[in-house]
Amino acid sequence: MASSSRKAHGSFPVPKRDNIAFGLELKCLIPLLAPGAPDPQPDYTVKRSKDGKPCKVKPLEVEREIAGNNDAIQKRAHRKVAEVISRFTGCEAISTHEIAQINQKESNYWETHWIVKKANSAEPTAQQGALKGYTWVPVEISSPKLSSNDPSIHGSVAAVMDALKENFRVVANYTCDIHVHVGRMDGKEFPLPAIQRLGALLWMTEPILRTIRDPHSPNYHNKYTWGSELRVRSRLAEEATYGGSSSSATSSSSAAEDDAMLRRLLQLDPTNPHKTKANSPIDLAALSLIARTDNHTSLGQLLSGEEPQYRRLGFNFSAFGKEDKRAKTNPRTVEFRIMEGTMDVGCVISWLRICKAVTAVAVDDSLAPYYRQLMKHLLKEGHHYGLRDQDGKLHAYDCEGERAGQQFATLMGELGLSSQDFEVLWKKVVKDNEKKIKQDAKSGKK
């Protein structure tokens, strides 16, 4: 694996703040076989999680009395998924149809249950849709609120995913997503400075973090799902790149006041007479705009897009901007939406660890020295971040996969993660981007 600029080691402090909460949303598709139809995948098998041995997975069948009734088929499938989660994992689970039947609100179950509902974006690919006899049901499975300090989190997530794979012919394609919400266990908003720091860190690291997406996926640019780039589609990107004002702009201030606010954002000495510098003037302008916001709403709107389809970006702050009904009623969380759909347990667990590390270094005051070091490094190096040799010279990479992997590994190391925490995603970054280079070479592109 590529080396990082700072080794992840045991001296990296465990965050003292135990108030960080997480929520996972997993979107997928489950096929149901029509009554009497021949099985289009008679040899369908998966590896069992407990021993790695192959096991045959029979398709869930449509009952004759509901054949042709897609709404009834969907309700049955969702209820069956909830039953399997409860039976095989010991976790409490319920479908939104069951919640409606007992005249309850979904929010009443956010704290305690895995909730099964329709995934609005998920649909079968042309190849999947050609499998005769199947009715495809879009499924979204949302975890209960999870404490970042609970050591059982990853085991619970793995158990739920394994139960799905071993009991259904579940698939996740490019119309599916993995979403991770981060917030506070008590449901309150993080303090404004903490959210500002997180927004600034995600602005600076987005090009590296988004390398977990396959550049050859039909949904790479979010054609099927909402989750576009913060650095392209947000009001912040517009203002930092082209100037002007937006609905989120705050009152004007002097250059000296701006720099003092920026230094506080970066957790530097605000009284230092030397002006803050950066490799990119756009990055410096963006962080200055974040530092100038004086309330959660203006910050949330600044970090969101103007148009509705860009309201919920890959790093979604819309719950703070409160620009639509959903944003006003949702929990006050920041949502990580950049991971494409997968049923690979290792990838999902690795991404959860990364989301936790990114959030903790920004919101946990005890990690201020690490946040300061990371942001100074990112600002100084810009797009050359992580690419210098030990003697300070830029290393020449023949392969885009190696370059992307090096930057990814460097960032993970500075976040305090061990190689075991992120290796599965690092391998994906290297492989996907190597594929890009090979395909570009075949097509004659440079």
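Predicted model: local features only at pLDDT ≥ 70, side-chain atom pairs only at ≥ 80, totals over all residues.
Let's start with the open space. The largest pocket comes out at about 1,000 Å³. Its lining takes in 44 residues, and the ones nearest the centre are Glu25, His181, Arg326, Asn330 and Pro331. By class, that lining splits into twelve nonpolar, 16 polar and 16 charged residues.

Searching the whole structure turns up two cavities of 30 Å³ or more. The second largest cavity holds about 30 Å³ of space. Around it sit Leu24, Leu26, Trp114, Ile141, Val157, Val160, Met161 and Leu164. S1 and H4 are the elements that give two or more residues to this lining, and H4 gives the most, with four. Polar or nonpolar? The lining of the second largest cavity has eight nonpolar residues, with no polar and no charged ones.

Two packed helices are described by the angle between their axes and the distance between the axes. Here are the two pairs:

| Helix pair | Angle between axes | Axis distance |
|---|---|---|
| H1 (70-89) and H4 (153-167) | about 120 degrees | 9 Å |
| H5 (192-209) and H14 (368-381) | roughly 35 degrees | within 10 Å |

Take H1 and H4, whose axes make an angle of about 120 degrees. That angle is why H1 counts as oblique to H4. The crossing of these two is right-handed. On the H1 side, the contact uses Val81, Val84, Ile85, Phe88 and Thr89, and they meet Ala159, Val160, Ala163, Leu164 and Asn167 of H4. The classes here are eight nonpolar, two polar and no charged residues.

The H5 and H14 crossing, in turn, is left-handed. H5 brings Arg197, Ala200, Leu201, Met204 and Thr205 to the contact, while H14 brings Tyr371, Leu374, Met375, Leu378 and Leu379. What classes do the residues of the contact of H5 with H14 divide into? There are eight nonpolar residues, one polar and one charged.

Key. Residues numbered from 1 in each chain as written. Heavy atoms only, no water. 1 Å grid on protein atoms, 1.4 Å probe; cavity = no way out; pocket = protein on both sides within 12 Å on 5 of 7 lines; lining within 4 Å. Points joined across faces, edges and corners; volume = space filled by probe spheres on them. Nonpolar A, V, L, I, M, F, W, Y, C, P; charged D, E, K, R; others polar. Axes fitted to C-alpha atoms, helices over the stretch in contact; angles between N-to-C directions. Parallel < 35°, antiparallel > 145°, perpendicular 65-115°, else oblique. Left-handed = near helix turned anticlockwise from the far one by under 90°. Contact = heavy atoms within 4.5 Å.
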